[in-house]
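I want to look up its fold, its core and its contact with DNA.

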Amino acid sequence: MSLFKEIFQKLFDHFGKQNWWPGETPFEVCVGAILTQNTAWSNVEHAIENLKKQNLLNFESLLKASPEIVAQAIRPAGYFNIKTKRLKNFLEGIAKEFGTFDALFHLSKDHLREFLLSLKGIGPETADSMVLYAFEKPVFVVDAYTKRILVRHRLIEEEADYFQTQEFFENALENDPKLFNEYHALIVMTGKNYCKKSKPNCAHCPLKEVNGGPILG
DNA sequence: TGCCAGGCCGGGT
DNA sequence: ACCCGGCATGGC
């Protein structure tokens, strides 16, 4: 078994199934992906709740809602002004290019990804989170935790960019959206245990050794 | 109190 | 091409 499969297995055995993404519909997943940019999910939950209460958590309603209303609703998620713009860019981009949200389901993975990345406010992680968790196409989502863990264990260089890190996983694993789904969720769980500033082999952090050593401390 | 959170953009050098 | 500040709330 490959190293990356072994790591996955140990994380899965330790943490169990994560049932990601926390969202009831593909549209909700997309909105959550934007709202959680550099933000704790607990804050996003309040914003999502507000949108639900006001019946704004669907494509048509959110598209029509005024920026002021949206900003007020998503306030708990932080960066509410810029995130309002990003949501609007997303919604208006879809309306202009495809007409409906559901039309996105007919796009190929690469076309979908390319379209999302063309929108201001949607970068690689947000796009890939949508592609994987809303549209269930096989891309490996990389985030700050992913890089932090790999760098800590000297599996990648500090300088590795998003796409290099992503290839690292995608080359090592079968192209399975369910696997990518679970793996990324487990990495987020694991990453919370790594302090941000510590050097490799920080005493507080788990996963002290990967090659030949115990994965979980 | 300060630091951190499931990024991304835009302006300066 | 890099580097860096701005964006903002809530939890520990």
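**Entry: overall fold.** I note at the start that this is a predicted model. I counted elements in chain A and found 11 helices and 0 strands. I then checked the extent: the C-alpha atoms fill a box of roughly 55 × 35 × 30 Å along the principal axes.

**Entry: contacts and burial.** I looked at contacts in chain A between residues at least 6 apart in sequence, and 60% of them join residues at least 24 apart. Buried residues make up 30% of the 217 residues.

**Entry: the core.** I found 47 residues in the largest nonpolar core. Leu35, Ala47, Ile74, Leu87 and Met130 have the most contacts inside it. Helix α8, residues 124-134, gives the most to this core, with 6 residues. Leaving out residues up to four places away in sequence, Met130 touches Val29, Cys30, Ala33, Leu116 and Phe135.

**Entry: DNA strand C.** By class, the surface near DNA strand C has 5 nonpolar, 6 polar and 1 charged residues. Helices α3 (41-53) and α6 (80-97) each supply at least two residues of that surface. The largest share, 3 residues, comes from α6.

How values were computed: Residues are numbered from 1 along each chain as its sequence is written. Chains are lettered from A and ligands numbered from 1 in the order in which they are written. This is a predicted model: local features need pLDDT of at least 70, side-chain atom pairs count only at pLDDT 80 or more; totals for chains, interfaces and linings use all residues. Helices (H or I, at least four residues) and strands (E, at least two) are DSSP runs, numbered from the N terminus. Ala, Val, Leu, Ile, Met, Phe, Trp, Tyr, Cys and Pro count as nonpolar, Asp, Glu, Lys and Arg as charged, and the others, Gly among them, as polar. A nonpolar core is a set of buried Ala, Val, Leu, Ile, Met, Phe, Trp, Tyr and Cys residues joined through C-beta atoms within 7 Å. A residue is buried if 20 or more other C-beta atoms lie within 10 Å of its own, exposed if 12 or fewer, and partly exposed in between; C-beta atoms are placed from the backbone. Two residues are in contact if their C-beta atoms, placed from the backbone, lie within 7 Å.
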